[in-house]
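Please read them with the sequence and the coordinates open.

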Amino acid sequence: MNPGMEGTSPRILVILPAYQEERSIGGLVRSLRERYPYDALVVNDGSTDNTGDAAREADAIVLNLPCNLGIGGAVQTGFLYAKDRGYDVVVRIDGDGQHEVEDIPKVLEPILAGRADAVIGSRFLGETGYRGSIPRIFGIRFFRLLVNLTTGYRVTDPTSGFFAINRRLVAFYSDHYPSDYPEVDAYILMHRLKARTVEVPVRMYDREEGNSSITPFRAVYYMVKVTLSYLINCIRRFG
Amino acid sequence: MSRVTILSIVASAALLLYILEMVRRRKLREEYSILWLAGSVVILVLSLKQDWLVGISHAVGIVYPPSFLFLVGILFILLILIHFSITISKLHMMNKKMAQEITLIKESAKITFSGDR
């Protein structure tokens with residue numbers, strides 16, 4: 001257990017960033033709320049459909065951003081909320097149904113047991129049956145190499161958006177969270193904070209509704225941008 | 001005086017006056033006028049003081065002195081563009097923070113705006 005968490009049960013917040021997910025967000029929040037006593041926070045990243053309403057009807061806490069900040073800015077808004085409201089642990093899961101709600105206890109357990117500061121769900125550990133497109137797998141391998149060479153962590157899924165973090169990382173990310181593919185950058189931040197990270201196997205599905213944000217041109221752009229941002233985070237000072 | 005000298009005197013003097021007028025009317029903030037003013041003053045002085053221009057040009061190995069004026073102009077434009085990139089980055093960060101704070105305030109005050117769906 002982390003200091004201060006003994007005696008009372010930890011307050012857990014599940015953050016779901018969502019953009020144009022009116023068709024899937026409601027069901028996702030409902031299945032979360034049926035299974036767990038945790039608060040569900042939907043960060044609606046300036047959707048023009050009814051994502052925010054659908055989430056509210058499903059009994060989520062909803063943050064409606066006035067404009068689209070991109071995934072990193074949206075998730076960071078969730079971290080700011082968690083920090084303000086004093087949550088002990090934050091779980092971040094995709095708002096499009098790609099992750100399995102049933103796997104949440106797996107990413108929570110090492111944190112609740114005090115064995116890790118961050119637990120990342122990996123679709124490449126164990127028999128998770130994930131099949132990605134060739135460019136996507138290439139990108140993941142590239143970032144895996146980058147992270148493992150620079151941090152000494154042994155990471156299998158550096159772009160996983162299914163993770164849990166404790167208060168310390170929530171507080172840090174509230175001030176410093178990257179904008180695109182923040183998960184890759186997060187590894188160098190965690191390394192520099194000497195955070196203990198653990199990967200656990202999780203399932204990952206193809207998208208049910210909505211469109212993935214990646215086109216080939218943007219994929220190359222993001223690879224360059226994330227690599228630059230990552231390398232600069234290696235030498236940046238955090239005040 | 002050669003025609004190119006007259007041209008650079010007129011152009012840099014006009015730029016200098018235009019920038020000063022924009023600042024005076026508060027259409028341009030002082031902090032964004034400094035590089036423009038410095039650039040136009042340097043070009044104006046070098047255009048008026050031909051012997052300085054020739055001296056510096058020869059010192060750095062430039063045969064045709066007016067091309068040193070182009071070099072100075074390009075360098076100032078580069079500095080101004082870098083300054084803009086930094087300013088845009090700062091505004092981007094401030095804008096993100098404001099959007100996030102507004103969002104948190106809306107939630108805690110249970111305010112919904114017409115744009116929230």
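1. What pLDDT does chain B average, and what share of the residues score at least 70? This is a predicted model, and in chain B the average pLDDT is 92, with 98% of the residues at a score of at least 70. For the model as a whole, the scores are ipTM 0.82 and pTM 0.86.

2. The dimensions of chain B deserve a comment of their own. Its radius of gyration is 22 Å, whereas a compact globule of 117 residues would have a value near 13 Å. The C-alpha trace of chain B spans about 70 × 30 × 20 Å along its principal axes. Of the 117 residues in chain B, 12% are buried. Among the contacts in chain B with a separation of 6 or more, 60% are accounted for by residues 24 or more positions apart.

3. As for the interface, 11 residues of chain B are in contact with 19 residues of chain A. On the side of chain B that touches chain A, the residues divide into 5 charged, 3 polar and 3 nonpolar.

4. Chain A contains an open sheet of 7 strands with mixed pairing, in the order E3-E2-E1-E4-E6-E5-E7. Why is one side of strand E3 (61-64) and of strand E7 (197-201) of chain A left without a neighbour in the sheet? The reason is that E3 and E7 of chain A stand at the edges, so each has a single partner strand. From one strand to the next, the twist averages 20°.

5. Strand E2 (residues 39-44) of chain A pairs with E3(A) in the parallel sense, over 4 bridges, and Asn44(A) has Asn64(A) in E3(A) as its bridge partner.

Terms used:
Residues are numbered from 1 along each chain as its sequence is written. Chains are lettered from A and ligands numbered from 1 in the order in which they are written. This is a predicted model: local features need pLDDT of at least 70, side-chain atom pairs count only at pLDDT 80 or more; totals for chains, interfaces and linings use all residues. Two residues are in contact if their C-beta atoms, placed from the backbone, lie within 7 Å. Ala, Val, Leu, Ile, Met, Phe, Trp, Tyr, Cys and Pro count as nonpolar, Asp, Glu, Lys and Arg as charged, and the others, Gly among them, as polar. Two strands pair if DSSP finds at least two bridges between them. Helices (H or I, at least four residues) and strands (E, at least two) are DSSP runs, numbered from the N terminus. Axes are lines fitted to C-alpha atoms, for helices over the stretch in contact, and angles run from 0 to 180 degrees between N-to-C directions. pLDDT is the predictor's confidence in each residue, from 0 to 100. The radius of gyration is taken over C-alpha atoms; the globule rule is 2.2 Å times the number of residues to the power 0.38. A residue is buried if 20 or more other C-beta atoms lie within 10 Å of its own, exposed if 12 or fewer, and partly exposed in between; C-beta atoms are placed from the backbone.
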